[in-house]
Amino acid sequence: MKLCRFNDNRLGVVLDDQIADVSSVLDTLPVYRWPLPIYDVVIANLDRLRPQMEKLAASASRVPLRAATLLSPVANPNKIIGAPVNYQKHIDEAKIDKQINVGNEIKTIDYYGLFLKANSSLIGPSQGIEIAQPERRHDHEAELGVVIGKECRNVSRASALNYVAGYSIALDMTTRGSEDRSFRKSLDTYSVLGPWLVTSDEIADPSVLDLWLTVNKQPRQRTNTRHLIYDVPRLIEYASMFYTLLPGDIIMTGTPEGVGPVVPGDIIDVGIESIGEMQVRVVART
Ligand code: MN
């Protein structure tokens, strides 16, 4: 199932070039009182909501996909986890490009561990990436996004994929510079997730997916997730040694070679096999 959040926080099931509006299932969610859950309540209830959504989708009102404003399919993640330098060819380019490494030695994911991006940076593809400091370099990083479905900690590699709700395309936008990653990658709009969530039953193996990105139709990034250094099961195992993972947590799995700058006016197209593709505009912050 392809699940999206669109327009004014409507919940949709994507069927070819249309969205079936299944928002009425949200009425069956538990009524929450303060303190509110710290996880995404739609993702947490997905197993129960899914049969209702499938049934409803057949008769629900439809919206053309082209006309919809696509928001992040996860509304309320507890955390957005990033994986630094997780493709060898990106390590290689970062080592030789001073605009990427800004004078720092580039080490490995074993050395750095993971990092967190501020939840306030999260947007969907229709909302646009806003460049706030035009004098600096801001790069696209195309990544496979993993959405956690069930609370877990100390997960084994062998069972890790059982805790995945689904997959999305992610952009881990990055300001190059000397500051900590969590600072440079957490500007408003610098975490893009979309265009929808593909439930994990549709992607048996997340380690065989082609991934590509263009800017203004010019090819910039192309890889396959088989080249990940820490693959999806390892990232879940590793992250869950440190953090309790909660429904709706997003893991951005790392970017391949070909990162490069974007400026206001650019149009990013990014796609992942078995998920789809999305287009994101780059604009100046007003
Ligand atoms: Mn990244």
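1. In this predicted model, about 1,400 Å² is buried between domain 1 and domain 2. Carbon and sulfur atoms account for 63% of that area. On the domain 1 side, Lys2, Ile43 and Leu70 provide 38% of what domain 1 buries against domain 2, more than any other three residues.

2. As for the division of the chain, domain 1 covers 2-71 and domain 2 covers 80-284. Taken over C-alpha atoms, the centres of domain 1 and domain 2 lie 24 Å apart. Domain 1 puts 17 residues into the contact, and domain 2 puts in 21 residues.

3. The polar side of the interface can be listed briefly. Six residue pairs are in polar contact across the interface of domain 1 and domain 2, counting pairs with both residues at pLDDT 80 or more. Two salt bridges are counted between domain 1 and domain 2. Separately, the side chains of Arg50 and Asp201 form a salt bridge, with an N to O distance of 2.8 Å.

4. Which elements give two or more residues to the side of domain 1 that touches domain 2? They are the strands β1 (2-6) and β5 (70-71), together with the helices α1 (41-44) and α2 (46-57). Of the three residues named in point 1, Lys2 lies in β1, Ile43 in α1 and Leu70 in β5.

5. By residue class, the side of domain 1 that touches domain 2 consists of twelve nonpolar, four charged and one polar.

Key. Residues are numbered from 1 along each chain as its sequence is written. This is a predicted model: local features need pLDDT of at least 70, side-chain atom pairs count only at pLDDT 80 or more; totals for chains, interfaces and linings use all residues. Side-chain values use heavy atoms; hydrogens and water are left out. Domain bounds come from an automatic or database domain assignment. Contact means heavy atoms within 4.5 Å. Buried area is the accessible area (1.4 Å probe) that two parts lose on being put together, summed over both. A salt bridge is a side-chain nitrogen of Lys or Arg within 4 Å of a carboxyl oxygen of Asp or Glu. A polar contact is a pair of N or O atoms within 3.5 Å; within protein, one must be able to donate a hydrogen and the other to accept it, and residues adjacent in sequence count only if both atoms are side-chain atoms. Helices (H or I, at least four residues) and strands (E, at least two) are DSSP runs, numbered from the N terminus. Ala, Val, Leu, Ile, Met, Phe, Trp, Tyr, Cys and Pro count as nonpolar, Asp, Glu, Lys and Arg as charged, and the others, Gly among them, as polar.
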